[in-house]
Amino acid sequence: MKANAFLFTGQGAQFEGMGKDLYNNHKIFKNIADEASEHLKLDIINLSSDELAKTENAQPAIFVLSYGIYKILEEYNITPVCAAGFSLGEITALAASGVINLTDSLNLISVRGEVMREACEHTPGLMYSIIGAEDNLVEDICREVSEDLKGSNNFVIPANYNCPGQIVISGDSIAVETAVKIFTEKKIRAIKLNVAGAFHTKIMRYKQDILIDFLKTLEYNEPKFDLYSNLTGEKFNFDNKNLKSFMLNYIPEQMSNPVRFRECLENINKRGIGLFIEIGAGKVLSGFVRRACPAAEIKNYGEMI
């Protein structure tokens with residue numbers, strides 16, 4: 001197989017019954033799912049749609065599916081030159097590369113999900129996907145709305161740079177709805193996302209001290225392959241001597257700042273890697289690749305391997 005990059009899916013791609021075929025047909029996947037279910041006291045494989053709608057359930061379920069698929073591929077000697085994950089998927093990439101072990105990753109996702117849930121309850125927010133607008137227009141409208149509402153703690157920002165022509169905006173409910181009205185008036189499509197709140201904004205900093213205290217208890221290892229950062233879009237430049245201090249800062253910042261996934265894809269493609277392998281539920285990231293890197297080849301590993 002040619003040089004490839006693995007892409008790990010994020011929250012939003014989950015669906016009822018995901019992973020069941022893999023669970024029944026691959027021992028390594030079954031072992032991972034059973035270990036996660038026992039550790040988290042959550043029946044990962046048999047979650048209902050209603051249960052998967054909750055952040056604290058969806059995140060470990062998505063992680064287990066993606067990480068389990070990665071381990072199956074590893075058994076077939078299918079391994080990446082580099083990898084990137086979308087939001088939650090970046091935790092999967094860290095686990096797959098060996099930076100964080102499986103048990104610590106499950107605990108991290110649990111703590112991270114709980115902090116996110118509390119932040120969403122403390123400050124209600126919304127996310128919308130803006131389709132067909134240039135980056136600078138989305139950025140200008142978000143900035144103008146936030147400035148107009150200044151002093152009332154209302155704001156909206158571009159939170160996910162997915163691919164050319166698709167940016168997700170995020171913020172408190174009033175500011176986001178105000179921005180969406182402007183986009184609609186300009187005949188620009190805005191699609192509301194079914195999420196719990198304003199992910200990848202400063203709202204997620206609420207109670208992050210809990211997350212940081214937990215991160216201090218973990219051990220970190222040098223990755224087995226290159227990883228690309230949501231925060232910068234660039235390859236991680238790990239200094240193994242300072243890896244722990246780096247992660248203590250990076251993981252909270254990644255949760256509360258925009259995801260620059262398009263830049264991840266473009267920078268991976270620039271190094272001559274033309275095969276992207278999406279791992280996990282759905283084919284959302286494959287769609288991003290088609291828009292950001294039109295000449296690239298794409299494969300998906302989800303339910304059947």
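**Charges and fold of the chain**

Visitor: What is the relative accessible area of arginine 143?

Guide: Arginine 143 counts as partly exposed, a class between buried (under 20% relative accessible area) and exposed (over 50%), with a 1.4 Å probe and protein chains only. This is a predicted model, in which local features need pLDDT of at least 70 and side-chain atom pairs count only at pLDDT 80 or more, while totals for chains, interfaces and linings use all residues. Residues are numbered from 1 along each chain as its sequence is written, and side-chain values use heavy atoms, with hydrogens and water left out. For arginine 143, the relative accessible area is 42%.

Visitor: With which residue does arginine 143 form a salt bridge?

Guide: A salt bridge is a side-chain nitrogen of Lys or Arg within 4 Å of a carboxyl oxygen of Asp or Glu. The closest N and O atoms are 2.4 Å apart, and the partner is aspartate 140.

Visitor: Which helix holds both glutamate 114 and arginine 117?

Guide: The side chains of glutamate 114 and arginine 117 meet in a salt bridge of 2.4 Å, N to O. Glutamate 114 is partly exposed at 30%, and arginine 117 is partly exposed at 25%. The two residues are 3 residues apart, about one turn, in helix α6.

Visitor: Is lysine 71 buried or exposed?

Guide: Lysine 71 forms a salt bridge with glutamate 74, at 2.7 Å between the closest N and O atoms. Both lie in helix α4 (residues 55-75), and glutamate 74 is partly exposed, at 25%. Lysine 71 has 18% relative accessibility and therefore counts as buried.

Visitor: Which residue is linked with Lys71 and Glu74 in a network of salt bridges?

Guide: By the rule given above, the count of salt bridges comes to 13. Lys71 and Glu74 belong to a network of them, together with Lys224.

Visitor: How many strands does the chain have?

Guide: Helices (H or I, at least four residues) and strands (E, at least two) are DSSP runs, numbered from the N terminus. The chain has 12 helices, and its strands number 9.

Visitor: What is the radius of gyration of the chain?

Guide: The radius is taken over C-alpha atoms, and the globule rule is 2.2 Å times the number of residues to the power 0.38. A compact globule of 305 residues would therefore be near 19 Å, and the chain agrees, with 19 Å.
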